[in-house]
Amino acid sequence: MKKLLQIVGPGLLFASMAIGTSHLVLSTKAGAQYGWVMIIPIVLANILKYPFFEFGVRYTHVTEKTLIEGYQNLGRKYLWLYAFITVVSVFTILAALYVVTAGLFMNLFKVSNVGINTVTLALFAFISLLLIIGRYRFLEVSLKFVVSILFLALITTTIVVIHKGQVIPIADFEAPKIFNEVGVLFLIGLVGWMPTAVEASGWVSMWSMEKLKSLSEKPSLTATLNEFNLGYFLTALLAVFFLIIGWMTLYGTGTELSGNAVLFADQVVSMFTLHIGSWAYILIAVAAFATMFSTCMTAHDAVSRVSLDVLAKLYPTYKGFTIKSAFAITVVLLAAINWMVIALFSGNMANLVALATFVSFVMAPLIGWMNLRTVTSDDVQARYKPSSALRILAYVGMIFLAAFALYYCWIILI
């Protein structure tokens with residue numbers, strides 16, 4: 001246990017990054033709109049995507065290279081493909097995360113005299129400063145406290161909700177159909193972002209590399225994978241917690257959860273406290289805000305690191321900045337870009353997020369295949385390659401993701 005605590009890092013950061021919109025927004029909506037049955041796709045998605053994230057941790061630990069370098073070794077076209085996906089993420093993912101977080105902040109602290117653009121700017125500035133000054137070490141240490149608070153708040157809330165019992169449905173309540181166009185689109189979105197997009201395996205790889213640099217002695221592969229597995233299990237468990245809270249407090253009430261960040265935050269906190277009691281306000285508010293704040297911080301750090309690594313591989317001869325200054329510049333640049341996206345395209349944010357969703361879903365099976373090819377390449381010694389069972393699970397996951405991607409394309413494009 002002592003050794004496990006010493007190497008805690010990438011798994012914790014993965015949990016913090018993944019427990020964002022896929023959990024707070026989608027898991028809560030899944031329970032609120034469709035009930036307990038949505039636990040099936042949530043658990044299924046977490047199981048079938050697991051190999052692709054595990055491969056990133058495994059490859060980096062064994063080779064001391066990032067997955068991005070592994071893609072480069074497969075062929076430069078794969079590196080360009082991942083670069084394209086990263087560019088789409090740069091202009092969409094952070095903007096969407098920060099808007100939701102700003103909405104939660106405005107609700108929690110009853111901020112009404114300033115606009116959401118101002119709040120997002122303050123969040124961008126504050127988190128950028130934390131990342132530049134503290135870098136990986138601060139991120140890891142601070143998130144140990146944030147995730148602990150989040151877990152305690154959520155497990156307490158879940159226990160209270162279960163003890164209180166399910167809310168009484170309204171008269172003539174009719175459960176919505178899952179297998180119509182609206183239901184299937186929601187199901188695809190839930191599966192696609194649960195626990196997170198497959199390309200985030202590159203992010204976990206970057207954190208694994210940073211963790212290796214910070215350790216005086218390299219741990220065993222088993223210990224490293226155990227740490228990641230703990231974070232991954234925690235991620236899946238909290239998704240179930242959010243689903244239970246949404247199901248027990250909102251299912252059958254006829255409440256439509258808003259797509260507006262501020263209104264959504266108000267609905268979540270208000271409806272939960274109405275069912276549980278006003279005393280629970282602080283639990284819900286802290287859990288929700290901690291969820292999104294930690295997600296913003298980890299995603300901002302990850303996209304910055306991955307962007308730098310991709311650029312370094314595409315243009316290896318450019319030596320314009322030191323690594324430290326390049327990271328700081330990238331963090332600030334991404335903050336500025338995404339704040340401008342929010343300020344200039346707030347009315348079209350849904351379209352931008354839809355673009356990111358489309359790219360992530362279509363590319364997911366291909367990224368999964370690239371991860372499998374990378375971890376079974378000659379870079380990895382035979383004894384460290386994934387087991388046959390894990391490879392079979394990866395192939396099943398690729399088929400699963402490909403089927404969802406094709407159906408998603410059919411619905412969107414036809």
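Residues are numbered from 1 along each chain as its sequence is written, and side-chain values use heavy atoms, with hydrogens and water left out. In this predicted model, local features need pLDDT of at least 70 and side-chain atom pairs count only at pLDDT 80 or more, while totals for chains, interfaces and linings use all residues.

Reader: How many aromatic pairs does the structure hold?

Author: Rings of Phe, Tyr and Trp (its six-membered ring) pair if their centres lie within 6.5 Å; planes under 30 degrees apart count as stacked, over 60 as edge-to-face and the rest as tilted. By this rule, the number of aromatic pairs in the structure is 17.

Reader: Are the planes of phenylalanine 14 and phenylalanine 53 stacked, edge-to-face or tilted?

Author: The ring centres of phenylalanine 14 and phenylalanine 53 are 5.1 Å apart. Because their planes stand at 55°, the pair is tilted.

Reader: How many residues apart in sequence are the parts that phenylalanine 14 and phenylalanine 53 tie together?

Author: Helices are DSSP runs (H or I, at least four residues; strands are E, at least two), numbered from the N terminus. Phenylalanine 14 lies in helix 2 (residues 10-18), and phenylalanine 53 lies in helix 4 (residues 39-63). The pair therefore ties together parts whose separation in sequence is 39 residues.

Reader: Is phenylalanine 14 buried or exposed?

Author: Buried means under 20% relative accessible area, exposed over 50%, and partly exposed in between (1.4 Å probe, protein chains only). Because phenylalanine 14 has 0% relative accessibility, this residue counts as buried.

Reader: Which residues form one aromatic cluster with Phe14?

Author: Phe53, the partner of Phe14 in the tilted pair, also belongs to this cluster. The members beside Phe14 are Tyr50, Phe53, Phe228 and Tyr232.

Reader: How many salt bridges does a search of the whole structure find?

Author: A salt bridge is a side-chain nitrogen of Lys or Arg within 4 Å of a carboxyl oxygen of Asp or Glu. The search of the whole structure gives a count of 7.

Reader: How many residues apart in sequence are the parts tied together by glutamate 64 and lysine 218?

Author: The side chains of glutamate 64 and lysine 218 form a salt bridge at 3.3 Å, N to O. Glutamate 64 is in the loop between helix 4 and helix 5 (67-74), and lysine 218 is in the loop between helix 10 and helix 11. The pair therefore ties together parts whose distance in sequence is 154 residues.

Reader: Is lysine 213 buried, partly exposed or exposed?

Author: Lysine 213 forms a salt bridge with glutamate 210 (3.6 Å, N to O). Glutamate 210 is buried, at a relative accessible area of 17%. Lysine 213 has a relative accessible area of 60%, so this residue is exposed.

Reader: Which residues are linked with Glu210 and Lys213 in a network of salt bridges?

Author: Glutamate 210 and lysine 213 are 3 residues apart in helix 10, so about one helical turn separates them. The network also includes Asp301 and Arg305.

Reader: Which backbone oxygen does the side chain of threonine 249 reach?

Author: Threonine 249 is in helix 11 (residues 221-250). This residue is buried, with a relative accessible area of 1%. At 2.6 Å, its side chain reaches the backbone oxygen of isoleucine 245.

Technical notes:
A polar contact is a pair of N or O atoms within 3.5 Å; within protein, one must be able to donate a hydrogen and the other to accept it, and residues adjacent in sequence count only if both atoms are side-chain atoms.
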